[in-house]
Amino acid sequence: MSAITCVRVGYGVAARIHELKLRASGVSTAAVVEVDPRRRRHAASDGLLAFSSCRQAARLKPTFWDICTSTSRHVDAIESILHVEPAANLLIEKPVCAPSDVPRLLALLACSRGRVVINDNYRSSAVTRAVKRLVHEKLGLRIRRVIVEMTQNRMEDFMSGRFIDQDYKALGYEGPHMLAIVQELGDSVWPPAQFERARLTDLQMHVDGRPVRLPGQRSALVSYLSRTGVAVELYTGLDGVVRDPRPPLAPPHARLRGGTRYRVVIVAGPDREGHSCEVVGFYEPSSTMGRGVGAAVVLRDGVVVGMLSIADDTMQTHLARAVDHFTGTAQNPSEALPAIEIAQMLGRFASASM
Ligand SMILES: NC(=O)c1ccc[n+]([C@@H]2O[C@H](COP(=O)([O-])OP(=O)(O)OC[C@H]3O[C@@H](n4cnc5c(N)ncnc54)[C@H](O)[C@@H]3O)[C@@H](O)[C@H]2O)c1
């Protein structure tokens, strides 16, 4: 077993991705803690030691604990870990917790003695870094407008009752990712000086021939002005209807099938020569690029004039940076307090805009 070890709490979808990516970063999983006996059996059949409580796993003294429970159970897991190991290092999936759990989380973290990293993986994107280089160094863009869109088609999931987030509504899945991107773009874009609006729309569908309405689950639009007057719009749609298609990876009127994504950042303004320019960062996975490959495209007066293909596995990179922080060789890539502020902000949007 490698010298760097973790105990994974929760063994669902995100946990299996963490298992693969952390193993590639030299981390061994000492054990899994899972409350569902069926999932404990899955972990055991995957060759992992599986426990039902954090107390049982604590004797293994992992380098860090990897919290992959459902968001509404993050704080329960953190409480159980800190109860048996107050100096535990914690890696917490995004969103950091449910909005109503923020006071409890702050109280727990105030007494903890370990390091805490949030898996806000879009804070480690090579596509965002390339977009910033093109905007500032190559084109000298005077930024007027930024759009981040993260759209996907979750209709089949909704039909089966999955992906219905009662706390953050349509902002639960992509909201933290969209905010991580604008935070990384720099201080002309973040923080907001004046919010213009946060609007969520309802999802209407038919289940067994009967109409069903899911409040706030179809789409969310948040818009604000930054301190330097940049107009920022964050949009996520869960019905597959693309709002801001850009060539060459999304045709106008694009509608996504299940399993595909349209995740872009668009930075717009005049370049040094006064041309109207857009730098568009396309995040993986799209319908045309494979996993782990994104792109940055320059549009001048609406026409594609350049395109870079970019290797970008945000999850792999961010988890590796988290491990380096736990082992003392790098700064924290994503602190807890800013992520808690984001959770509060998203929670306010989700309830106020209804
Ligand atoms: N960063 C990303 O891109 C990304 C992608 C997917 C999911 N996520 C996040 O990962 C987290 C997990 O999502 P998921 O889709 O894997 O959920 P999931 O429902 O598939 O798995 C969660 C598991 O946690 C277990 N669990 C719940 N409470 C527990 C507790 N107190 N102790 C131990 N186990 C417990 C459940 O039994 C379940 O097996 C969420 O916060 C989600 O937002 C992040």
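In this predicted model, the largest nonpolar core counts 101 residues, and those touching the most other members are Leu 90, Val 146, Val 267 and Val 279. The biggest contribution to this core comes from helix α10 (residues 336-352), which puts in eight residues. The core also takes at least three residues from each of domain 1 (4-117) and domain 2 (126-311).

Leaving aside residues up to four places away in sequence, Val 146 touches Val 182, Leu 185, Val 189, Val 230, Val 232, Ile 266 and Val 267.

Eight strands make up an open sheet with mixed pairing, in the order β8-β9-β10-β7-β11-β12-β13-β14. At the edges sit β8 (192-207) and β14 (303-311), each pairing on one side only. From one strand to the next, the twist averages 15°. As for the β14 end, β13 (residues 293-300) and β14 run antiparallel and are joined by eight bridges. Ala 295 stands opposite Ser 309 in β14.

Two helices lie across strands of this sheet. Helix α6 (residues 126-138), for its part, lies across β11 (261-270), β12 (276-282), β13 and β14, and its direction is at about 165° to β12.

Definitions and conventions:
Residues numbered from 1 in each chain as written. Predicted model: local features only at pLDDT ≥ 70, side-chain atom pairs only at ≥ 80, totals over all residues. Pairing = 2+ DSSP bridges. Helix = DSSP H or I, 4+ residues; strand = E, 2+ residues; numbered from the N terminus. Axes fitted to C-alpha atoms, helices over the stretch in contact; angles between N-to-C directions. Contact = placed C-beta atoms within 7 Å. Core = buried A, V, L, I, M, F, W, Y, C linked by C-beta atoms within 7 Å. Buried ≥ 20, exposed ≤ 12 C-beta atoms within 10 Å, placed from the backbone. Domains from an automatic or database assignment.
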